[in-house]
Amino acid sequence: MALTDHDMARILVTLDDLETAVRINAALEGAGYSTSTLSPVDDARALLRRQTFDLILLTGAVREPPARKLSALARDAEITTLALLESTDPGTAEGAPDVTAVMTKPVGPDDVLLTVRRLLDRRGLQERTGIFGESAAIQELLVKIEQMAPVSSTVLIQGESGTGKELVAKALHDFSPRRGKPFIAVNCAALPETLLESELFGHEKGAFTGAAERRLGRFELADTGTIFLDEVGEIPPSTQVKLLRVLESRAFFRVGGVQPIKVDVRVVGATNQALRELVELGKFRDDLYYRLNVLNIYLPPLRERRSDIPLLVRRFIREFAQAHDRDFRGITTEAMQRLVEAPWPGNVRQLRNLIESMVVLAPGSEIRASDIPADVLEGAGRLLPMRISGQGREMPTQELEFILRNIMDLRMQVEELRRRMEDRPQRVQVIEIPQAQAEAEVVPEEEPAEAHAVLYKAGMTMADVEKAAIQAALEEFRGNRRRAAEVLGIGERTLYRKIKAYKLG
Ligand SMILES: Nc1ncnc2c1ncn2[C@@H]1O[C@H](COP(=O)(O)OP(=O)(O)OP(=O)(O)O)[C@@H](O)[C@H]1O
Ligand SMILES: [Mg+2]
């Protein structure tokens with residue numbers, strides 16, 4: 001399957017430079033694109049509401065209000081924009097249009113076609129892989145994925161935590177001829193040595209105490225597909241030898257087995273440690289390092305590719321506004337600027353989690369600079385005890401938001417843990433703590449929970465948390481909806497809607 005598909009791409013051409021527009025429109029149609037045109041007096045907003053476009057071509061007057069308005073609308077709708085500049089236009093000077101790409105006139109239709117195709121390809125790749133970004137690093141990454149996916153050579157993905165290594169590993173599988181076959185992920189850091197071996201290679205009945213049945217290992221389960229060895233730098237030395245043997249011969253023995261097992265597996269490894277340094281420290285075999293590092297992908301930390309941040313922020317806002325059914329306009333310029341400048345030690349994962357919490361908790365319909373928690377801008381993550389209690393005094397909106405945000409953070413961490421556990425069936429047993437006990441752990445004994453305390457409990461959804469917060473606020477103000485809405489930082493009408501939705505009325 002090709003990574004890109006732009007047969008049916010729809011392009012909007014502005015008529016500001018009529019002559020250029022006519023020539024290029026003809027070329028685009030000739031190349032099979034479906035095009036529409038927009039004159040400076042047409043209502044762009046109405047058109048974009050009626051029709052969807054994959055790309056907007058601004059043919060002229062790109063600094064004038066109509067083009068500016070159109071590119072702002074396009075940006076919000078995540079539509080790629082290409083602007084044709086006059087040769088007299090100052091290049092990137094002040095007032096440069098906010099578009100995806102620019103070309104300077106005179107331009108031939110062929111050059112425009114080529115650029116349009118490249119921009120649509122790039123966009124298609126991002127949609128299909130779920131890997132978004134505008135930085136050169138991400139563009140190169142997508143090209144690499146396209147090149148590396150079809151072959152079966154081993155790939156080593158390196159990058160800090162949260163940079164997208166797993167996303168890349170999945171993309172390598174999904175765009176390879178092995179898609180549709182198993183993709184098996186193993187977190188090598190999660191298991192003690194002996195368990196890791198039997199996890200990877202399986203074991204025969206009676207191989208060790210407790211091995212009551214023969215069990216297939218991950219390599220056998222991944223046969224004809226891909227095995228993803230996450231945190232591969234954590235593999236203990238004795239298992240390193242065995243892994244080396246598999247990489248060399250594609251054959252191995254089950255623990256306690258005498259028959260070699262042959263498999264056809266593509267190996268993708270990932271690590272957030274500098275593997276080469278581990279080799280130099282003698283903690284990782286150099287021969288295994290070279291066997292893993294046949295093809296290499298490095299994901300730079302988010303702070304080194306800040307130009308990705310605006311696109312990621314807008315995507316995540318849309319994603320979570322939809323998921324949580326919130327009518328959301330977006331983010332203020334100032335807030336975006338703060339996010340672009342933040343340190344992001346947790347990389348894209350941290351950014352994504354933050355956007356989810358802000359979309360859920362922002363009092364208005366857009367994220368403002370004041371909605372961004374200070375610790376994000378300072379880079380120091382911290383958790384508070386999770387308890388909200390009115391104690392008969394007014395809870396200032398900000399404090400409430402802050403606490404809710406921490407509940408969100410915690411919920412996300414729990415979710416992440418749960419996801420990791422689910423990735424590893426049979427290895428980790430989830431022990432359910434009875435509710436009463438869970439509460440006892442959260443609330444200090446000397447301070448019994450108030451009637452209107454909001455407690456996070458394992459398994460709560462965001463809706464549950466929201467419902468509980470609304471309930472607590474209503475109780476606190478004895479049903480006074482105006483006060484409750486004020487404290488919750490939402491409009492009264494929103495509160496009415498939610499009271500109805502949660503059947504609290
Ligand atoms: N370029 C990107 N575009 C969109 N989403 C991304 C991008 N990079 C990462 N993400 C998202 O960020 C989160 C973290 O990504 P992922 O789990 O792949 O990171 P990782 O490098 O494997 O982290 P770790 O080392 O902690 O396992 C995921 O939700 C992923 O979908
Ligand atoms: Mg990972």
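E127 comes out partly exposed because its relative accessibility is 40% (buried is under 20%, exposed over 50%, partly exposed in between, with a 1.4 Å probe and protein chains only). This is a predicted model, so I kept its limits in mind: local features need pLDDT of at least 70, side-chain atom pairs count only at pLDDT 80 or more, and totals for chains, interfaces and linings use all residues. Residues are numbered from 1 along each chain as its sequence is written, chains are lettered from A and ligands numbered from 1 in the order written, and side-chain values use heavy atoms, with hydrogens and water left out.

I placed E127 in helix α4, residues 109-129 (helices, H or I, have at least four residues and strands, E, at least two; both are DSSP runs numbered from the N terminus). Leaving out residues up to four places away in sequence, I found E127 touching F132 and R315 (contact: heavy atoms within 4.5 Å).

Next I looked up the sheet. I found 5 strands in an open, parallel sheet, ordered β7-β10-β13-β6-β14 (pairing takes at least two DSSP bridges between two strands). β7 (183-187) and β14 (295-299) are the edge strands, each pairing on one side only.

I then checked β6 (155-159) against β13 (266-271): they pair in the parallel sense over 4 bridges. L156 stands opposite G269 in β13. Helix α5 (136-148) packs on the sheet and touches β6, β13 and β14.

Last, helix α7 (193-201): its buried residues include L196 and F201. Just after α7, I noted G202 with a positive phi of about 80°.

Note on methods:
Axes fitted to C-alpha atoms, helices over the stretch in contact; angles between N-to-C directions.
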